[in-house]
Amino acid sequence: MRRHSALLLAAAVAGSALTAPAPAHAAAWETVVDTGSFAGYSALESEWKYLYPWGSDHNGSARMYGSSSDHNHISLSGGVLTLTATRITWDEGTSTADPHPAIHYHSGAIHARDQVVVNDQFPNWEVKGDFQAPSSRGTWPAFWLTGVNSWPPESDILEFKGDSRNWFNTFRTSSDVDSTIVGVSSPGSWHTYRAWITKVSATDVDIHYYVDGQWKAVHHARGFVGKPMWLIINLQMEGSSGSPGPSAATYYRARNVYVGRSRA
């Protein structure tokens, strides 16, 4: 991890209609996930792991495949990560995860080796990246944080569910959720999605969400302090995005993904 001056902390919250305040005390800024982590497979594997933290299945009809020797669904080129979902023509059973849909696709997911945890030592975090996201019916790309030891907490920084609207979601419980739904012009073009997460009390954080540098929402997240979260990039299919999904291959691309934090 690289450490920078407190000036970068102030710069990280500047330049938008509304920003999270910089802390009153001096703090060092650290890079946790570098923007160069998609430069090659060695860089990728030093900062990310293949699949979900819990394995290959989740809540949609895609089963994730990928490893250091299998790049059919998780590939790199020119600093860009591409997750590819392809429809299968055979019976592969159902997902092992609730609600156990039938598997119709093979796709890709990665998760960061380092976890995001807001606490007294690390009171501010920035999570961002550039993405080309599919948005047709049956495509369900995401860039999100989810609890390591329990669910929730969850913060969805990018989530398209079969149309051109991005869902910023903050789950405090399964029924206590803030959602801010933002239309994005041409999601398949490059756009930058960002979350600024800052500790505001002994137990709570505020999460500020942005698209292309423009502030879109702040969600107050009760009980997030001290709870580690995985950062995941995945291309799920069908489920909440509708069905049937596409018969042709679907591509979800990412570049310049970055995670940083302040050290108090």
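This is a predicted model: local features need pLDDT of at least 70, side-chain atom pairs count only at pLDDT 80 or more; totals for chains, interfaces and linings use all residues.

Q: Why is strand β15 called mostly covered?
A: Buried means under 20% relative accessible area. In β15 (residues 205-211), 7 of its 7 residues are buried, so each of them is under that cut-off.

Q: Which residues of β15 point one way and which the other way?
A: V205, I207, Y209 and V211 point one way, while D206, H208 and Y210 point the other way; all are buried. In a regular strand, side chains alternate between the two faces of the sheet.

Q: How do you know that β14 and β15 pair?
A: Pairing requires at least two bridges between two strands. Strand β14 (residues 191-199) and β15 have 7 bridges in the antiparallel sense, and therefore they count as paired. A hairpin through 5 residues joins β14 to β15.

Q: What makes β15 and β16 a pair?
A: Antiparallel pairing over 7 bridges links β15 to strand β16 (residues 214-221), and the cut-off is at least two bridges. H208 stands opposite V218 in β16. The hairpin formed by β15 and β16 has 2 residues between them, and D212 in the turn has a positive phi of about 50 degrees.

Q: What lines the largest pocket?
A: The lining comprises 17 residues, with N59, W140, E154, D156 and E159 nearest the centre. Elements giving two or more residues to this lining are β10 (139-147), β11 (154-159), β12 (165-171) and β17 (229-237). The lining divides into 6 nonpolar, 7 polar and 4 charged residues. The volume of the largest pocket is about 240 Å³.

Terms used. Residues are numbered from 1 along each chain as its sequence is written. Side-chain values use heavy atoms; hydrogens and water are left out. On a 1 Å grid over the protein atoms alone, a cavity is a set of points where a 1.4 Å probe fits but cannot get out, and a pocket is an open set with protein on both sides within 12 Å along at least five of seven lines; lining residues have an atom within 4 Å of a point. Grid points are joined across faces, edges and corners, and a volume is the space filled by probe spheres set on the points. Helices (H or I, at least four residues) and strands (E, at least two) are DSSP runs, numbered from the N terminus. Ala, Val, Leu, Ile, Met, Phe, Trp, Tyr, Cys and Pro count as nonpolar, Asp, Glu, Lys and Arg as charged, and the others, Gly among them, as polar. Buried means under 20% relative accessible area, exposed over 50%, partly exposed in between (1.4 Å probe, protein chains only).
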